[in-house]
Amino acid sequence: MMKISSSKWGVILVALLAGGVIFPVFGEEKPEWEAGLGVGALSFPEYRGSDRQRTWLLPTPYFVYRGEFLRTDRGGLRGMLFDSDRMELNLSLSVSMPVYSSDGGPRRGMPDLRPTLEFGPALTFDLWRNKMRSERLDLRLPVRVAYSVTGGVRYAGLVFAPSITYSTPIFGHSGWNFGASTGPIFANATQHKYFYEVEPRYATPNRPAYSTSGGYSGSQFSASLTKRFDKFWFGGFVRYDTLHGAVFDDSPLVKRKNAWTGGLGVAWVFGKSNRMVDVSRED
């Protein structure tokens, strides 16, 4: 089987994260699309519960599209399935990285973890916003189905990740924007077994056989800070992940129950459309 290099998946991940921390200025018109390229640094565990941290410096694409039914903005890549004054139905996407057992670690001798792609609907409720629509509090309810995407497409479980998100401009009219999000994660048995099961044939004296069920998968808190200059975009984020109380927290593959992920990126915005669109509903 031909492997997709981890650097390629890193580019994909950084692209999604960069899209996930873009904040608009409300109540104005902006180009329908903007494009750029930059560089990003990203540090993260190999998988949730791993004690092995990866740090990459990678090219980072910057792309914003503000179409009527498809958008790439602060929420990543989204299809606008339904939109009302207080509720939206979007598409939610997420990816996970490959983990190669030949690199050592607690999975030595086990099959590689193939990268996964998660997608599904996300219902967003507008809980509160100020009169200028620049400061807001949302409840987001994404449900995503996961598939491993190399060596054939295979079902890898179901994920539900509700969160409360808050976003606001800071430092007056400086152009800096702050966002925060927190919430639990739940997944079915297939998703948990994909990452944390140890089949009897892979058991060792230091890695006993282990199986798990569906249920609570831990919680996350993230914060981001961004600023759009005339020709440049800057963004950074941190995320704290805890597995305490997760149904799989006693798996021999869980080596660390608390972890930090962080990233910084800067991009030169070199292209934009002549067509302008209203961003009063953009989020």
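**View 1. Strand β15 gives the most to a nonpolar surface patch, with 3 residues.** The model shown is predicted. The patch covers about 800 Å². Its members are Leu 37, Val 39, Leu 57, Phe 229, Phe 232, Val 266, Trp 268 and Phe 270. Two elements, β2 (33-45) and β15 (258-272), each give two or more residues to this patch.

**View 2. Val 266 is a patch residue in strand β15.** Its relative accessibility is 37%. Val 266 therefore counts as partly exposed, because that class lies between the 20% limit for buried and the 50% limit for exposed. Among the other residues that make the patch are Trp 268 and Phe 270.

**View 3. Thr 204 sits in a loop between a helix and a strand.** The loop runs between α2 (189-196) and β13 (215-228). Thr 204 has a relative accessibility of 34%, so this residue also counts as partly exposed. Gly 109 is 95 residues away along the chain. The C-alpha atoms of Thr 204 and Gly 109 are separated by 9.8 Å.

**View 4. The whole protein chain, for context, has 2 helices and 16 strands.** The chain holds 283 residues, and 47% of them are buried. Contacts between residues at least 6 apart in sequence were also sorted by separation: 66% join residues at least 24 apart. The chain exposes about 13600 Å².

Key
Residues numbered from 1 in each chain as written. Predicted model: local features only at pLDDT ≥ 70, side-chain atom pairs only at ≥ 80, totals over all residues. Heavy atoms only, no water. Patch = residues over 30% accessible without salt bridge, like charges linked within 9 Å, V, L, I, M, F, W, Y side chains within 5 Å. Areas by Shrake-Rupley, 256 points an atom, 1.4 Å probe, with all protein chains shown as cover. Salt bridge = Lys/Arg side-chain N within 4 Å of Asp/Glu carboxyl O. Helix = DSSP H or I, 4+ residues; strand = E, 2+ residues; numbered from the N terminus. Buried < 20%, exposed > 50% of the residue type's maximum accessible area, 1.4 Å probe, protein only. Contact = heavy atoms within 4.5 Å.
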